[in-house]
Amino acid sequence: MPPAALLLLLANDHATEALAQAVALAWAQHPMPRLLITLDGDLGAGKTTFARAFLRALGVQGRIKSPSFSLLEEYTLDIPDLQFKGTLRTSAYHIDLYRFSDPQEWDDSGLRDVVGGPGVSLVEWPQRAQGLLPAADLSVHLEPLGEQRRCMLQAGTELGQRLFRALPEGLKSG
């Protein structure tokens with residue numbers, strides 16, 4: 001069984017992007033109807049960098065805006081589906097909860113249906129939902145260390161464990 005957590009030292013933004021791409025490609029190998037990735041860390045830790053690279057790796061074109069002011073940005077993903085010999089179309093949601101200050105905002109926002117429903121959800125500042133989010137398939141904690149970042153990946157579900165198994169061996173060993 002792969003580890004439930006993986007601690008990595010990322011040299012720079014490019015390493016953060018490479019990690020996000022590896023996670024995206026691991027999911028795309030066997031896409032599931034629902035995926036929740038939480039991203040936490042201080043301002044400037046690389047949460048949005050990770051989310052943008054993840055979305056780009058899944059084929060999102062054009063500008064990928066930070067949802068800091070809009071709360072949610074939605075993107076359409078076209079994933080090749082070998083089972084049906086066609087394309088699986090799903091939505092990806094990039095959500096930023098930084099401006100939330102109490103649990104009522106989570107309930108009022110309507111995001112419970114988005115995050116709990118089908119699609120890929122990348123949620124920045126999950127702690128602002130104060131424990132009301134469903135269990136994350138994968139939690140990503142980023143901590144700046146000068147030019148580098150410490151990154152803790154933690155699987156919270158069986159899907160998260162499958163993502164670990166699908167990551168490149170070089171990433172898991174180093």
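Mentor: I37 touches V23, F50, F54, S121, L122, V123, L138 and V140, leaving aside residues up to four places away in sequence; contact here means heavy atoms within 4.5 Å. The model is predicted, so local features need pLDDT of at least 70 and side-chain atom pairs count only at pLDDT 80 or more, while totals for chains, interfaces and linings use all residues. Residues are numbered from 1 along each chain as its sequence is written, and side-chain values use heavy atoms, with hydrogens and water left out.

I37 is also among the residues with the most contacts inside the largest nonpolar core, together with L19, F50, F54, V140, L153 and L167. A nonpolar core is a set of buried Ala, Val, Leu, Ile, Met, Phe, Trp, Tyr and Cys residues joined through side-chain atoms within 4.5 Å, where buried means under 20% relative accessible area (1.4 Å probe, protein chains only). This core has 38 residues, and helix 1 (residues 13-29) gives the largest share, seven residues; helices are DSSP runs of H or I, at least four residues, numbered from the N terminus. Apart from this core lies another, of 13 residues, including L36, W106, W125 and A129. In soluble globular proteins, nonpolar side chains tend to be buried together.

Helix 5 (residues 158-166) has L159, G160, Q161, L163 and F164 as its buried residues.

Terms used:
Buried < 20%, exposed > 50% of the residue type's maximum accessible area, 1.4 Å probe, protein only. Helix = DSSP H or I, 4+ residues; strand = E, 2+ residues; numbered from the N terminus.
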